[in-house]
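Here are my notes on the model, point by point. Please read them with the coordinates open.

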Amino acid sequence: MSLLFEVIDNKKEKLAQKIFERQFEYDKKLDDEYNDYRKSKMYRDIKYNLESLEVAIKYDANKVFEDYALWLVKFLSNRMMDFPKKRIKEQMIDHYRIISEELKEENLGRDYLQKAQIHLENAIKITEEADLEEESVKKAIGFSSSENLLEGLSIRFLNSLLQADREEAQKVIEDALDNLDNDVSLEDIYLGIFQKTMIRVGELWHSGDIMVDEEHYITSMVQSIMMQLWPKIFDGKKTDRKIMVCTAGNELHEMGGRILCDLMEIKGWNTVYLGAAVPAVNIISAIKKHKPDLVGLSVTMPIYLEQCERAVKKIRTNDSTKNVKIAVGGRAFSLAPHLPAEWGVDVSVNNGIELNEWAERYI
Ligand code: B12
């Protein structure tokens, strides 16, 4: 574990507090502009920002902090509509400069400081250049239509859920199933409808077009509609291959792992899905219990990469589990694609179809 990691782990609260106070000292207008609610959100965000910077430094992963900086400035500009966009950029740029100044006082060593400065400078550049005038995602993609069958179904599915029309959403999946022999496969329903819908829902939440209650509703509807396909999936012909999947660390995004398992079931695998946030020690005991050929660890938020690395190490250093094949995947690895090889993981691919193709060759 890096020195900076330890410092921020032990003193994160204090450091976040100092950065928070300096931001208000430096920019006198802020006190009038921010009510208590906004102040508390800002304080929470500072901790997220430091954690994200930490991951970028620890893993030499520029994209992690760049992606985060762009995501954050857009998120804030979509949530703080009463603020001029220029003002939001100004606050974020000040913020990265203040972090940079505060880190200099932490005695972190030249190498770490240099890396931090590079990530913070990149974040400043990305924030300055961010296009905050983009058209609302809902207008751009939510209510358009398509000639393509699968895309059309996916648009209908999302639109029905946005209108809380459960029956219509179910009807869309029935229509998709009616077309199974033609242009649509079960895999298409998972990737082209369920996964695509969830990604769009994320964009809509980020752009402020839907609120958290709508995201939660759609997530739970997609999960329950997905479950209705299980008889089709679980009753198919099975091989003797088994995969066990869960999310790593405190990662709560678990639908990716679920979809991965369902795709593997379609390909004839037996699956054991443990869900979200399984502690490493329980991953070990579950491997001993279920004896899978392959273990899949899923990470969406880069801040949980370190916990995933620890789980991989634990599996690899335990005599009873060290030979199991390990796959990792999820959004976080697309921002740090070099990590799976560095950790000695067997494979990292984009979805269940690709994982099955890999397993056919190597397991
Ligand atoms: C639903 C959702 C939630 C739900 C999750 C509920 C659940 N039961 O899973 C809840 C409400 C918990 C949630 C919380 C948060 N979320 Co959220 N969430 C989403 C959303 C909309 C959908 C996630 C999803 O299901 N995606 C669809 C699946 C199918 O895709 P996938 O995970 O990538 O998985 C596929 C592949 O990656 C791959 N794969 C995945 N794992 C593995 C593993 C292996 C081994 C392999 C081979 C392949 C593989 O196969 C999968 C299937 O094909 C996403 C948007 C998005 N783009 O994903 C945001 C999103 C991920 N969330 C986001 C955020 C910010 C948060 C919160 C921080 C919000 C907050 N302020 O509290 C928290 C953090 C929670 C935490 N501690 O983990 C951001 C992240 C942005 C960023 N820059 O990091 C996103 C991208 C939304 C956005 N566009 O802004 N979220």
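1. Strands S4 (residues 325-329) and S5 pair in the parallel sense, over two bridges. Two strands count as paired if DSSP finds at least two bridges between them. Strands (E, at least two residues) and helices (H or I, at least four) are DSSP runs, numbered from the N terminus. Val328 has Ser348 in S5 as its bridge partner.

2. A word on the basis. This is a predicted model, in which local features need pLDDT of at least 70, side-chain atom pairs count only at pLDDT 80 or more, and totals for chains, interfaces and linings use all residues. Residue numbers run from 1 along each chain as its sequence is written.

3. Now the whole sheet. It is open, has five strands in the order S2-S1-S3-S4-S5, and pairs in parallel. Strand S2 (270-275) and strand S5 (347-348) are the edges, each pairing on one side only. Strands of a sheet pair through backbone hydrogen bonds, either parallel or antiparallel.

4. Strand S1 (residues 242-247) deserves a look. Parallel pairing joins S1 to S2 over five bridges. Lys242 stands opposite Asn270 in S2. From S1 the chain crosses through H13 to S2, and this β-α-β crossover is right-handed (with the strands pointing away from the viewer, the path from the first strand over the helix to the second runs clockwise). S1 also pairs with S3 in the parallel sense, over five bridges. There, Met244 has Val295 in S3 as its bridge partner. S1 is mostly covered, with five of its six residues buried. Buried means 20 or more other C-beta atoms within 10 Å of the residue's own, exposed means 12 or fewer, and partly exposed lies in between; C-beta atoms are placed from the backbone.

5. Which residues have the most contacts inside the largest nonpolar core? They are Leu297, Val299 and Cys308, in a core of 82 residues. Such a core is a set of buried Ala, Val, Leu, Ile, Met, Phe, Trp, Tyr and Cys residues joined through C-beta atoms within 7 Å. In soluble globular proteins, nonpolar side chains tend to be buried together.

6. Leu297 sits in strand S3. Leu297 counts as buried because 31 other C-beta atoms lie within 10 Å. Leaving aside neighbours within four places in sequence, Leu297 is in contact (C-beta atoms, placed from the backbone, within 7 Å) with Cys246, Ala248, Cys308, Ala311, Ile326 and Val328. Cys308, not counting residues up to four places away, touches Ala248, Gly249, Leu297, Val299 and Val328.

7. Next, the ligand. 38 residues surround it, and the closest are Gly202, Met255, Gly256, Ser298 and Gly329. A residue is near a molecule if its C-beta atom, placed from the backbone, lies within 6 Å of it. Elements giving two or more residues to this shell include helix H4 (62-79), helix H11 (212-227), helix H13 (255-266), strand S3 (294-298) and S4. H10 gives the largest share, nine residues.

8. Asp60 is not a glycine, yet has a positive phi of about 45 degrees. Asp60 lies in the loop between helix H3 (36-58) and H4. With 13 other C-beta atoms within 10 Å, Asp60 is partly exposed. Lys291 has a positive phi near 50 degrees. Lys291 lies in the loop between helix H14 (280-290) and S3. Lys291 counts as partly exposed, with 13 C-beta neighbours inside 10 Å.

Note on methods:
Two residues are in contact if their C-beta atoms, placed from the backbone, lie within 7 Å.
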